[in-house]
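Please read the points below with the sequence and the model in view.

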Amino acid sequence: MAINTEQTEVAEQTEAFVERVLDAVAGTLTMETLFVGHKLGYYEAIAEAGSVTSEELASATDTHERYAREWLEQQTVTGIIGVEDEHADATSRRYFLPPGREEALTDRDSLNYVAPFGSLLVGAVRPADAILEAYRTGGGVPYEEYGEHFREGQAAINRPAFLHSMGSEWIPAMVDIDDRLRTDPSARVADVGCGYGWSSIGIAQAYPNVHVDGYDLDTKSVEEAQKNVREAGLGDRVTVECRDAGDTDIDGEYDLVTAFECVHDLSDPVGVLRNMRRLVADDGAVLVVDERVGDEFTADGDGVEWMMYGWSVLHCLPVGMADHPSAGTGTVMRTDTLRQYATDAGFSDLTVLPVENYFFRFYRLEP
């Protein structure tokens, strides 16, 4: 009797696990097809028209009707879009975005914009063979191997927060620095690991007198950042250079030095932080914004650790291991880890700032 009960429990656990895996497969396929709709402009075309047939969608986006139809049907079955008459002829059915979808899928300025997650997920598995080889050898995967889709997705998913929250919540959490950036003479900010430049642009837009120098080591990202700066009309106050943030030849004294979502990716975080400390003025500060994870490892994880460990396994740890020696930090950089890096880099103190955010934790480092 006991054996049968145990076998039944194991069978139920197996069934539950299989269902969980199938749910994950469904989620993965949903995100991959969301990527298709995002990159081809399908969601924007549906939103603009109100409702479309497969032929109208194909015509509006310069794509093939048969593919557009398959995508529309899949998106309906998975619950992302709606259909007006499911029993109509296949090419006559009209599809629409239900309430609550348009902002999340088409408004690139909204804090609820989630469409770029598809690009991130496609990019994260692009160098799959290289990732496996890194696990076997202890090597790494250079950032550029993750390609255009990952770069674009990462920039687009962070863009709304950088442009909306920089001067309203994030920097104002450091009252003295916020005051300094709003007064004369013009303050200077160094933005380390600026990517497509949206963080630098967000700072400059929030503080009209500030000059921002952005630094990033990825050539393609720097090119896009420079383009974004020009289009924002900020070429007189924002510069972006392709330089290693640990380069001790970088000159200047800055009132604020920032690092948004990049310290955990660095092979030598202590060296870069040491250079950031050298660049900041005695009465300035360093702002590090990184992932909001728990203070210690637990089996259940904390907050969004399920996501952060996923990015770490596929991207952040391999990128951080691409150069040796490497700290091998990974995405899940806990507060004590950053505090040790800061101490080793010569900072006198680290404070967790009182900023509420689902994904990020905010740290002030004192020179």
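1. How many aromatic pairs does the structure hold? The structure, which is a predicted model, holds 10 aromatic pairs.

2. Tyr-146 and Phe-150 are both buried.

3. In the pair of Tyr-358 and Phe-359, the ring centres are 4.9 Å apart and the planes stand at 85°. Angles over 60 degrees count as edge-to-face, so the pair of Tyr-358 and Phe-359 is edge-to-face. Phe-359 has a relative accessibility of 27% and therefore counts as partly exposed.

4. Helix 3 spans residues 54-61 and helix 4 spans residues 65-77. The two helices pack at an angle of about 120°, and their axes are 8 Å apart. Helix 3 and helix 4 are therefore oblique to each other, and the crossing in which helix 3 passes helix 4 is right-handed.

5. Which residues make the contact? Helix 3 contributes Ser-54, Glu-55, Leu-57 and Ala-58, while helix 4 contributes Glu-65, Ala-68, Arg-69, Trp-71 and Leu-72. By class, the residues of this contact between helix 3 and helix 4 comprise 5 nonpolar, 1 polar and 3 charged.

Definitions and conventions
Residues are numbered from 1 along each chain as its sequence is written. This is a predicted model: local features need pLDDT of at least 70, side-chain atom pairs count only at pLDDT 80 or more; totals for chains, interfaces and linings use all residues. Side-chain values use heavy atoms; hydrogens and water are left out. Axes are lines fitted to C-alpha atoms, for helices over the stretch in contact, and angles run from 0 to 180 degrees between N-to-C directions. Helices (H or I, at least four residues) and strands (E, at least two) are DSSP runs, numbered from the N terminus. Angles under 35 degrees count as roughly parallel, over 145 as roughly antiparallel, 65 to 115 as roughly perpendicular and the rest as oblique. A crossing is left-handed if the near helix is turned anticlockwise from the far one by less than a right angle, and right-handed if clockwise. Contact means heavy atoms within 4.5 Å. Ala, Val, Leu, Ile, Met, Phe, Trp, Tyr, Cys and Pro count as nonpolar, Asp, Glu, Lys and Arg as charged, and the others, Gly among them, as polar. Rings of Phe, Tyr and Trp (its six-membered ring) pair if their centres lie within 6.5 Å; planes under 30 degrees apart count as stacked, over 60 as edge-to-face and the rest as tilted. Buried means under 20% relative accessible area, exposed over 50%, partly exposed in between (1.4 Å probe, protein chains only).
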